[in-house]
Amino acid sequence: MGGLAQQSASQRLVEQQGRVLKLWQERMAPPRPDARPVLPMLEALTRALGARRSVQVTDAGHPLGRAQGALDGLKSVDVFQGIVLEVLEEEGALASDERALVLQSFHAFRLALAEAAQRREHALTEAVAKSEERYVVAVRAAGFTIWDWDLTERRIHWSYSVEAMLGHPVDALSSIGMWLEHVHPLDRERVGEGLRSAVEEGRTGWTDAFQFLKRDGSWAGVIGRAWIMHDHAGNAVRVVGGLVDVTEQRSLERKLAEQVQLTRTVAENATSGLFLLDGRGHATYLNPAASAITGYALEHLQGQPLHGRVHSHAALHRPAAVVRDQECTFTRRDGTQFVASCSAMPLAEYDLGGSVLEFRDVTELKRAELQLREAVQARDEFISIASHELRTPLTALQLQIQGMTRGPLAGGVDERVKKRLLGAERSVSRMVQLVNELLDVTRVEAGRLELEVEEVNLSELVRELVDRLQTEIRQAGSAVTVEAPERAMGRWDRRRLDQVIGNLLTNALKYGEGKPVRVRVEVDGEQVRLQVRDQGIGIAPSQHARIFARFERAVSSRHYGGFGVGLWIVHRVVEAMGGAIRLESAVGQGSTFEVTLPVSAPGAPR
Amino acid sequence: MSATGPVLIVDDDEDIREALGEVLADLGYAVVKARNGREALSLVRGLPQPPQLILLDLMMPVMNGWQFLEAHGTDHEVASIPVVVMTAARQSAVDAPAVKAVLRKPIAYDDLVGVVRAHVR
């Protein structure tokens with residue numbers, strides 16, 4: 001029975017639905033929304049009437065979602081409500097509470113629809129705002145704005161991005177006159193004329209580049225473009241254009257142009273020859289200097305590598321090679337050759353792997369160098385010969401004087417004469433020393449410091465020297481003490497070692513201010529150490545490196561004589577024997593020179 | 001070796017010959033002088049007593065010191081006479097058995113006297 005009742009209820013519902021659809025079609029004006037999605041609403045209402053409660057719009061499976069499309073707009077909800085009431089009351093009027101329930105359900109439905117619409121609108125607004133925001137940001141970043149010139153309304157509409165790009169409010173430049181007023185005076189006439197003629201002569205497009213005044217008073221470099229639209233009669237009605245900010249590009253272009261100009265100026269005015277080569281080693285540019293030096297112009301060199309024709313250096317031909325100041329032979333266009341100093345650098349920016357080749361004709365330089373070398377050699381030879389030649393008269397002079405001061409005649413010589421002879425003797429020995437130094441300079445300079453190595457007892461040599469220098473020691477007033485072992489044997493050049501110790505010792509006496517001088521010899525395994533220490537004027541640390549240089553002395557030459565080559569020679573001699581010299585000194589603290597020597601000089605036969 | 005033979009000085013420079021001669025004469029030595037190697041050779045051969053010592057310069061015209069030493073070595077009469085070489089060059093390769101010492105110019109009095117005393121009685 002229940003089944004029959006159910007069946008008749010569902011059958012009734014189908015009939016009712018058919019009736020609702022029919023009325024819907026009659027009452028809704030076209031375009032009529034499809035009513036089928038709202039039919040389940042009728043079922044829900046019937047069920048609600050049975051249950052004596054209103055339709056819950058939040059019920060699961062509620063047809064609201066689908067109904068929305070059909071019942072968008074409250075007017076159609078009213079129509080639907082009217083139809084539904086009519087169909088329900090066809091068989092008899094609804095009880096007042098039943099009617100109230102239907103109305104209540106529709107009210108809730110209306111509310112839900114309104115809420116949904118509001119939500120949808122809100123979401124839409126948000127999406128639009130986001131999209132607009134993206135657009136504005138993009139436009140600002142891209143530096144782009146759109147203007148729309150309505151020729152019939154004689155108005156220009158700008159996109160909002162004009163504010164971001166140029167600072168102008170969107171409605172500020174609303175006429176073509178104002179638009180043109182913001183074009184730079186130098187560009188204005190051209191731009192205005194171009195735009196006018198494009199419009200009047202029926203063209204569809206216009207483009208120009210010009211300066212456009214920003215609101216802040218600065219100028220933006222822009223590219224303007226426009227599309228001109230025409231009506232059926234062919235009259236221009238609308239101009240839609242864009243302005244692209246190219247200020248930054250312009251400034252980059254300007255910098256690039258300046259860079260190119262600078263590079264060009266440097267290249268064109270360089271005294272060195274410059275070639276730009278592509279990856280195959282073909283010249284793509286040569287500067288005026290290269291042209292002047294070689295006699296070639298670019299057209300002579302096209303289509304063939306530079307190597308082989310102009311220069312001979314294989315390394316310069318390899319595009320990735322970095323070459324610095326290498327000598328190579330260049331051949332001029334007339335076939336003559338010259339020696340050049342060449343450098344090459346790869347140009348990484350060149351996709352083809354090119355390089356730049358710089359060269360200088362060094363023929364003259366080399367000739368001058370050779371002349372200089374020859375002059376130095378001639379000078380050294382002269383000094384060497386002079387020094388040799390001076391030895392002969394010096395020998396005679398020294399022997400004659402010493403024969404009178406030291407020989408058997410000495411006793412018979414008048415005291416006053418003897419005093420003068422002793423003075424002459426000192427001068428001669430000074431001169432002997434100078435001549436020796438002079439010859440040493442040329443020898444050391446020419447690298448001809450040959451050693452005569454033999455077995456030497458350094459301690460003994462030091463004692464001999466101190467004995468020999470008694471006169472100088474007395475004159476200096478310094479007490480000289482020697483601390484040395486009995487034997488300090490090694491294989492050295494005796495005369496050179498004598499010279500080293502003599503030099504250090506006489507320096508100590510000369511600059512020692514009469515205070516004690518100590519000479520110390522120490523044997524330390526395969527090395528011996530010789531220290532000469534004074535307590536005199538000392539040497540400032542800043543001078544330490546200098547005093548071993550040639551013709552240098554730490555003090556004024558007016559107060560202390562000599563060529564100033566003593567320590568330089570000492571240094572070289574010590575080095576030649578494989579040793580080292582070290583100085584410890586400060587102003588007013590005296591000086592300590594320490595020579596370290598291997599017990600066997602290099603190359604010494606054992 | 002004769003006790004009375006002279007010292008032979010061979011040098012092309014007159015001042016040197018003179019200075020050496022006077023210094024040695026002061027000390028009581030007999031001295032003979034030659035201007036080059038050739039003069040020295042003929043002088044040695046003509047002397048009644050051979051020299052006790054030869055002071056030999058190396059760089060001389062006509063016959064230099066090296067040539068003299070060569071001739072000196074082959075001449076049996078004089079090969080035994082000791083030679084002291086006098087040179088201005090620091091390194092002079094002198095490799096003859098007769099060479100007993102090298103005096104480097106400028107020669108100091110004490111060195112000269114020392115060498116002569118060592119070889120002449």
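Modeller: What follows is a walk through this predicted model, topic by topic.

Colleague: How confident is the predictor in the complex, and in chain B?

Modeller: The predictor gives the complex an ipTM of 0.87 and a pTM of 0.48, while chain B averages a pLDDT of 85, with 94% of its residues scoring at least 70.

Colleague: And chain A, what is its secondary structure?

Modeller: Chain A comes to 18 helices and 17 strands, and buried residues make up 27% of its 606 residues. Of the contacts in chain A with a separation of 6 or more, 55% are between residues 24 or more positions apart.

Colleague: Which residues sit at the middle of the largest nonpolar core, I mean those that touch the most other members?

Modeller: That core has 38 residues, and the ones touching the most other members are A:Leu458, A:Val500, A:Ile501, A:Leu504 and A:Val570. Several elements of chain A supply at least two residues each, among them β11 (453-457), α15 (458-468), α17 (494-511) and α18 (566-576), as well as the strands β14 (517-524), β15 (527-533) and β17 (591-598).

Colleague: Which element gives the most to it?

Modeller: That is α17(A), with eight residues in this core. If residues up to four places away in sequence are left aside, A:Leu504 touches A:Val532, A:Val570 and A:Phe593. There is also a second, separate core of 32 residues, which includes B:Ile9, B:Ile16, B:Val44 and B:Met86.

Colleague: Back to the strands you listed, how do β14(A) and β15(A) run, parallel or antiparallel?

Modeller: They run antiparallel and are joined by seven bridges, and A:Val519 has A:Val532 in β15(A) as its bridge partner. Their hairpin has two residues between the strands, and A:Gly525 there takes a positive phi near 65°. On to β17(A): this strand and β15(A) also pair in the antiparallel sense, over seven bridges, with A:Thr592 in β17(A) as the bridge partner of A:Arg533.

Colleague: What about A:Glu526, is that residue buried or exposed?

Modeller: A:Glu526 lies in the loop between β14 and β15 of chain A, and it counts as exposed because it has 10 C-beta neighbours inside 10 Å, where the cut-off for exposed is 12 or fewer.

Colleague: What is the strand order in the open sheet of five strands?

Modeller: The order is β2-β1-β5-β4-β3 in chain A, with antiparallel pairing; β2 (155-158) and β3 (205-213) are the edge strands, each pairing on one side only. Neighbouring strands of this sheet are turned by 25° against each other on average, direction ignored. Helix α8 (residues 185-200) of chain A packs on the sheet, touching β3, β4 (219-230) and β5 (236-245), and its direction makes about 155° with that of β3(A).

Colleague: Last one: how many residues does each chain bring to the contact between them?

Modeller: The contact takes 18 residues from chain B and 18 residues from chain A. On the side of chain B that touches chain A, the elements giving two or more residues are α1 (14-26) and α4 (109-119) of chain B, and the largest share, seven residues, comes from α1(B). By class, that side of chain B has 11 nonpolar, one polar and six charged residues.

Conventions
Residues are numbered from 1 along each chain as its sequence is written. Chains are lettered from A and ligands numbered from 1 in the order in which they are written. This is a predicted model: local features need pLDDT of at least 70, side-chain atom pairs count only at pLDDT 80 or more; totals for chains, interfaces and linings use all residues. A nonpolar core is a set of buried Ala, Val, Leu, Ile, Met, Phe, Trp, Tyr and Cys residues joined through C-beta atoms within 7 Å. A residue is buried if 20 or more other C-beta atoms lie within 10 Å of its own, exposed if 12 or fewer, and partly exposed in between; C-beta atoms are placed from the backbone. Helices (H or I, at least four residues) and strands (E, at least two) are DSSP runs, numbered from the N terminus. Two residues are in contact if their C-beta atoms, placed from the backbone, lie within 7 Å. Ala, Val, Leu, Ile, Met, Phe, Trp, Tyr, Cys and Pro count as nonpolar, Asp, Glu, Lys and Arg as charged, and the others, Gly among them, as polar. Two strands pair if DSSP finds at least two bridges between them. Axes are lines fitted to C-alpha atoms, for helices over the stretch in contact, and angles run from 0 to 180 degrees between N-to-C directions. pLDDT is the predictor's confidence in each residue, from 0 to 100.
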